[in-house]
Amino acid sequence: MLLEKYKIEEFNQAGLAEHKRRFDFAASYVKNIDEVLQKLIDFQVAIPSWALGTGGTRFGRFAGGGEPRSLEEKIEDVGLLHQLNRSSGAISLHIPWDIPQNPAAIKALAAQHGLKFDAVNSNTFQDQPDQKLSYKFGSMQHVDKAVRKQAVDHNIEVIRHGIELGSESLTVWLSDGSSFPGQLNFRKAFQNTLESLQEVYAALPDNWKMFVEYKAFEPNFYSMSVGDWGQSYLYASKLGEKAYTLVDLGHHLPNANIEQIVSLLLMEGKLGGFHFNDSKYGDDDLTVGSVKPYQLFLIFNELVEGMDARGMNHATDLGWMIDASHNVKDPLEDLLQSVEAIMIAYTQALLVDRKALAEAQQANDVVRCQEILQTAARTDVRAIVAEARLRSGGALQTLQAFRQLELRKALIGERGLKAVSTGL
Ligand code: AOS
Ligand code: ZN
Ligand code: ZN
Ligand code: ZN
């Protein structure tokens with residue numbers, strides 16, 4: 001479904017005067033407003049193909065209707081989001097959930113919607129129906145070399161699919177680990193994992209990156225073989241310059257200082273990308289910014305500071321992806337909220353007075369340091385984000401447009417009330 005442009009224009013027209021008032025006020029506080037707007041226009045966040053259907057928990061799944069039944073329809077859904085917010089210009093695929101049967105056609109369809117393919121994700125955390133050996137006791141860490149080889153071959157296959165689509169990175173998330181003390185020899189598990197990753201790394205095209213995603217617990221609850229950023233960093237360092245750490249915001253032990261992790265990984269040139277989401281307890285995969293928006297701001301504050309210090313391009317030098325999905329919201333509305341939260345935090349981070357902060361830090365003026373950060377974080381930047389969208393042809397308010405234009409109803413009309421997303 002392609003939304004006619006005039007509908008967005010009509011929607012915007014109704015709110016234009018009010019928007020202009022709000023924007024002029026917000027912009028009056030920003031010295032380099034045009035620079036900020038351009039950065040927002042350039043910034044794109046990839047949508048995961050697995051978040052377009054209603055997520056479930058192991059206790060149930062409550063689908064809402066009109067979900068995408070194929071990869072083609074998933075691309076259309078992301079296209080719709082991108083039409084509304086102009087900031088979702090990429091999709092991240094999970095293989096084998098979303099194997100492109102006809103890659104040329106899939107690529108063309110994505111291009112038609114202005115979408116690129118971000119990182120491709122491998123899956124060695126489930127057994128597939130036609131699979132020879134089981135991942136019950138791990139994949140790349142497995143005690144049996146044959147299982148490790150199967151996992152390596154799968155990852156190489158995923159790279160092949162990615163090449164066909166124009167993707168330039170592979171995300172490896174391993175559920176490997178152990179659930180009971182004594183189950184694993186940690187050192188051997190690490191060495192097996194490293195050796196497997198090295199074989200995958202060897203198959204990586206020159207212009208590709210490999211993201212090694214870590215996670216503190218789940219599905220294994222005693223040890224994870226890529227359990228924290230230290231372990232991921234160790235693998236990435238040993239693998240080589242194309243390997244990086246991927247930070248999923250929900251993958252830490254409670255109260256971890258994620259912004260500090262981000263800062264140091266950036267300093268070492270080993271931060272590869274993000275899986276954005278929010279959480280209260282663990283890997284809750286809630287809407288970005290729904291629980292801890294200040295933490296999100298602090299992370300972006302480090303990102304902007306660190307990327308600028310290294311002369312990096314905010315939009316292109318890291319992989320920005322969402323990894324969230326859950327039970328009670330319309331997935332498209334949820335994703336619009338997530339992207340909006342990311343854009344807000346990014347804008348606020350761009351507003352931090354860096355020079356004043358450096359001076360205050362140098363003077364040990366702790367109070368002033370806090371004031372400087374919170375001045376930026378408490379600024380209502382929604383009209384600035386909306387202006388960036390307006391300038392690139394999106395909707396002033398994405399969620400309201402989605403509802404007012406009755407887009408879910410249209411999707412249900414097209415696909416049916418019983419349409420349930422593939423994958424997962
Ligand atoms: C799992 O917890 C990780 O966040 C992965 O990124 C995973 O591949 C993704 O959530 C899809 O299940
Ligand atoms: Zn993730
Ligand atoms: Zn996760
Ligand atoms: Zn998660």
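This is a predicted model: local features need pLDDT of at least 70, side-chain atom pairs count only at pLDDT 80 or more; totals for chains, interfaces and linings use all residues.
Reader: Which residue is the bridge partner of Asp-248 in strand 10?
Author: His-275. The chain goes from strand 9 through helix 8 to strand 10, and this β-α-β crossover is right-handed.

Reader: How many residues of strand 10 are buried?
Author: 6 of the 6, so strand 10 is largely enclosed by the rest of the structure.

Reader: Which way do the residues of strand 11 point?
Author: Gly-319 and Met-321 point one way, Trp-320 and Ile-322 the other. All are buried. In general, side chains of a regular strand alternate between the two faces of the sheet.

Reader: Back to helix 8. Which residues are buried there?
Author: Ile-258, Ile-261, Val-262 and Leu-265, in a helix that runs over residues 258-267. They cover an arc of only 100° around the axis, which puts them on the same side of helix 8.

Reader: Why would residues three or four places apart point the same way?
Author: An α-helix has 3.6 residues a turn, so residues at that spacing point the same way.

Reader: What do the buried residues of helix 8 pack against?
Author: Helix 7 (229-239), strand 9 (243-248), strand 10 (271-276) and helix 9 (293-309). After helix 8 comes Gly-269, with a positive phi near 70°.

Reader: New topic. What surrounds ligand 1?
Author: Trp-50, His-94, Asn-121, Trp-173, Glu-213, Lys-215, Asp-248, His-275, Asp-283 and Asp-323. By class, the shell has 2 nonpolar, 3 polar and 5 charged residues. Asp-248 and His-275 are in that shell, and they are also the bridge partners mentioned above.

Reader: Which peptide bonds are cis?
Author: Among them, the bond from Ile-95 to Pro-96, with omega near 10°. Pro-96 is in the loop between strand 2 (90-92) and helix 4 (103-112). A cis bond also joins Glu-218 and Pro-219, with omega about 10°. Pro-219 is in the loop between strand 7 (209-213) and strand 8 (223-224). Most peptide bonds are trans.

Reader: What is the phi of Asp-285?
Author: Positive, about 55°, although Asp-285 is not a glycine. Asp-285 is found in the loop between strand 10 and helix 9.

Reader: Is Asp-285 buried or exposed?
Author: Buried, because 20 other C-beta atoms lie within 10 Å, and 20 or more is the cut-off.

Reader: And Glu-406, buried or exposed?
Author: Exposed, with 11 C-beta neighbours inside 10 Å. Glu-406 has a positive phi too, about 50°, and is not a glycine. Glu-406 is in the loop between helix 14 (398-404) and helix 15 (407-415).

Reader: Last one. Where is Gln-361?
Author: In helix 11, residues 354-362. Gln-361 is partly exposed, with 13 other C-beta atoms within 10 Å. Gln-361 and Tyr-6 are 355 residues apart in sequence, and 50 Å apart in space, C-alpha to C-alpha.

Technical notes
Residues are numbered from 1 along each chain as its sequence is written. Chains are lettered from A and ligands numbered from 1 in the order in which they are written. A residue is near a molecule or strand if its C-beta atom, placed from the backbone, lies within 6 Å of it. Ala, Val, Leu, Ile, Met, Phe, Trp, Tyr, Cys and Pro count as nonpolar, Asp, Glu, Lys and Arg as charged, and the others, Gly among them, as polar. A residue is buried if 20 or more other C-beta atoms lie within 10 Å of its own, exposed if 12 or fewer, and partly exposed in between; C-beta atoms are placed from the backbone. Helices (H or I, at least four residues) and strands (E, at least two) are DSSP runs, numbered from the N terminus. The arc is that of the directions from the helix axis to the C-beta atoms. Two residues are in contact if their C-beta atoms, placed from the backbone, lie within 7 Å. Two strands pair if DSSP finds at least two bridges between them. A crossover is right-handed if, with the strands pointing away from the viewer, the path from the first strand over the helix to the second runs clockwise.
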